[in-house]
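Colleague: I'd like to learn how to read a model like this one, feature by feature. Could you walk me through it?

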Amino acid sequence: MYKEICVKYAPNKDNLIHILHEIQDTHPQHYISADAVKEISEYLKLPENHIYGVLTFYSMYSTTPRGKNIIRLCESPPCYIKGSYNILRKLKTLLGVGVGETTKDGVFTLELCACLGVCGNAPVMMINDDVYGDLSEEKVEDIIEKIRGRN
Amino acid sequence: MAKNVNVWIDGHHLEVPEDMTIIEAADQHGVYIPRLCYHPDLPPTANCGVCVVDISGNPTPKRACCTPVAEGMKITTNSKKLRDYRKTLVEMILSHHEVVCPTCAANNKCELQTLANNLGVDPYSLPNILEMKEVDMSSSAIIRDPNKCISCGRCVTVCNEVQTVYALTNSDRGIESEITTAFGLGMNNSPCVNCGQCTVYCPTGALRERSELDEVWDAILDPDKHVIVQEAPSIRVSLGEEFGMPLGSVTPKKMYAALRKIGFDSVMDTNFTADLTIMEEGTECVNNLKAGSKRPLITSCSPGWIKFMETYYPDLADCVSTAKSPMSMFGVLAKTYYAQEHGIDPAKIVSVAIMPCTAKKFEARRPELNDSGYQDTDYVLTTREFLRMIKEAGIDFATIPEEEPDEGMSFYSGAGTIFGATGGVMEAAIRSAYTLVTGEELENVNIEAVRGLEGVKEATVNIPGFGDLRVAVAHGLGNARKVMDQVREGLKTKGESPWHFIEIMACPGGCVGGGGQPYGNDIASRARRGLALYEEDRSLPVRKSHHNPEVQRVYERFLGAPNSKLAQKLLHTYYFKRSVSSGQVVEEVTHKHH
């Protein structure tokens, strides 16, 4: 099934990043499995250990299954100063998971990330492709409730 | 030829080629710049930063390993600032290293330990922040201990660029970065072929063989067991250096004496079965030539090469000689022929092999190598483990008086001993194949064209009655890949291989450069040990395998003739296709002749 994604790109190694992105984005669990790496390896004629090295180098790729919605809370200094640690504590309580973990219902994965480039609105988090700024504990509760309702 | 440039290192004027790095120029002129990740055999990875030097006009120090020389460059290698830099770097490395030097396998050989000592580093200047990780014990040959790894990257370079095995990789980044196998599944679930070149180049004890020393000592001390030992060709030229003898000292008889003193019941020699291998493989080669086969015959002695072939070239498995390796031929004969000749119950025989090789541990565990009715080879010790055994037994190897081996499976020809150097199996095979084809003796037995350390060697040997025999010799798996790609291409496009007969050894330099050889196993010492084997060859009374009287005897009394029915059963094997992802068996691709 990964082969169908691979063949959209020319079989040269410059396309590795693009193929990895599309495979992760289209996977219901938002990750890249060992089977996917095997198929990419055969298609690009690139050793599996090289692909593994690349995909673990970039923090946006995951090698383990993740939830439907991926929360990335900024852990850089400006957000920290503006209280991101309180937001993290709130998220952990609300979701019942630690950093890097997925809720039992598979709806959320909680992650930390580096600066998202919107320090003016610190503390900041992203859920999937949406950015949420000026976070407070109440605001976080609302956001999580809304998304829960949709799933 | 690159043009020369003028540089000054610590005030000394040097004229060096412009394509050199600073560290190469310094090494060539006897200026030692402290280093850790750099190794002259490998391309620089510039990971550690210890080799920093000051260059006039540059505000910050540069790494000598990856900075090329330039005209007029004035380089300072030693100043308080540079010494402080280096100390800090080593202190930071030690702060996430498991510092257990006295009991570490690499103690006294560890480059980190030596460097820390040379620089006067205080090991407690920074708190140790290592978070202990699980040691990878999945492989039967190689242990990978991430707690001792300093991420120098040499193992990754040798595994991927020199050997093209693609087992080890860098993963993650920053504080979380580590050297591992894909998905962290372990060496035994990767394409690792157990060649052990990673253990050779590891500057610490992070990569090492899986030791079987305790099991061997237990067998020796068990009065119910009859422990028989064999030693590979290259062992005899690799022991003396550890005991202050010159590199490349030829010491077979000291080796036998040490083994007997350690307590082995029967001291034999793998060189005997190296000669036997020539009889089996040579006969196979000659049959191939007589049949006019378009497919080549490729040697099968090197277990790293065999697993590599099964992983990357299973479509050419039928081209690989079915002859077992000398070690495995010895193993099966110890529990059949030897047991029968001496009236010993084979169930009581423990067969130990001393090998320059980590992959031999994997070979000995292959379930199909049990034609004696038992596992043919019980334990494999590397040269490094054997050296430890000699020391544990309190033997002063340099002064121990020479002794002869036991008789029956120990006599060897010069052809048998050169198996340990790249090109040696080819040369040995030609010496006997010539006779098998023509019925005449080859006059000049020295086949210089297949000797030496060039990556791929080619030669044409005229054999009257056959014509030109085209041969190739490759050592190091990156070179093997080049040869195999040409064979595959030749068969596909022209319907024939460019060569009739090919020798492949997994390790650069052949077995003298094996993954189980003593620490400090660089290209220069491999070359010296290889020459030592050729010196021994010249000094021996018998130089052709078919003249080995003990080999003639095993055929007369037991096997019949080369490639006989019994020889096929005991001395030949078959191969598998393996997964490129996991190295595990997918299916059998060649079958045993019955």
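**Reading the model, chain by chain**

Modeller: Let's begin with burial in chain A, where 29% of the 151 residues are buried. Keep in mind that this is a predicted model.

Colleague: How many helices and strands are there in chain A, and what pattern do they follow along the sequence?

Modeller: Chain A has seven helices and four strands. Going along the sequence, they run α-α-α-α-β-α-α-β-β-β-α. The C-alpha trace of chain A spans about 50 × 30 × 20 Å along its principal axes.

Colleague: What share of the contacts in chain A join residues at least 24 apart?

Modeller: Take the contacts between residues at least 6 apart in sequence: in chain A, 59% of those join residues at least 24 apart.

Colleague: How many residues of chain A are in contact with chain B?

Modeller: 12 residues of chain A contact 12 residues of chain B. On the chain A side, the elements giving two or more residues are α3 (34-44) and α4 (48-57). The largest share, seven residues, comes from α4(A). By class, that side of chain A has five nonpolar, five polar and two charged residues.

Colleague: On to helix packing. How do I read a crossing angle, say for α2 and α3 of chain B?

Modeller: Start with how the axes meet. Helix α2 (residues 80-94) and helix α3 (residues 111-119) of chain B have axes that come within 10 Å and cross at roughly 140°. An angle over 145 degrees would count as roughly antiparallel, but α2(B) and α3(B) are therefore oblique to each other. The crossing of α2(B) past α3(B) is left-handed.

Colleague: Which residues make that contact between α2(B) and α3(B)?

Modeller: From α2(B) they are R83(B), R86(B), K87(B), V90(B), I93(B) and L94(B), and from α3(B) they are L112(B), L115(B), A116(B) and L119(B). Sorted by class, the contact of α2(B) with α3(B) has seven nonpolar, three charged and no polar residues.

Colleague: And what about α8 and α17 of chain B?

Modeller: Helix α8 (residues 270-290) and helix α17 (residues 549-559) of chain B pack at about 60°, with axes 9 Å apart. Here α8(B) passes α17(B) in a right-handed crossing. The residues F272(B), D275(B), L276(B) and M279(B) of α8(B) meet E550(B), V551(B) and V554(B) of α17(B). The contact of α8(B) with α17(B) divides into five nonpolar, two charged and no polar residues.

Colleague: Which residues of chain B have a positive phi without being glycine?

Modeller: One is A46(B), with phi of about 55°. A46(B) is in the loop between α1 (22-28) and β3 (52-55) of chain B. Another is T164(B), whose phi is near 50°. T164(B) belongs to the loop between α4 (154-162) and β7 (168-171) of chain B.

Colleague: Then where does E443(B) lie, and is E443(B) buried or exposed?

Modeller: E443(B) lies in the loop between α14 (424-438) and β15 (456-463) of chain B. With 6 other C-beta atoms within 10 Å, E443(B) is exposed. The C-alpha atoms of E443(B) and R431(B) are separated by 9.1 Å, and the two residues are 12 apart along the chain.

Conventions
Residues numbered from 1 in each chain as written. Chains lettered and ligands numbered in written order. Predicted model: local features only at pLDDT ≥ 70, side-chain atom pairs only at ≥ 80, totals over all residues. Axes fitted to C-alpha atoms, helices over the stretch in contact; angles between N-to-C directions. Parallel < 35°, antiparallel > 145°, perpendicular 65-115°, else oblique. Left-handed = near helix turned anticlockwise from the far one by under 90°. Contact = placed C-beta atoms within 7 Å. Nonpolar A, V, L, I, M, F, W, Y, C, P; charged D, E, K, R; others polar. Buried ≥ 20, exposed ≤ 12 C-beta atoms within 10 Å, placed from the backbone.
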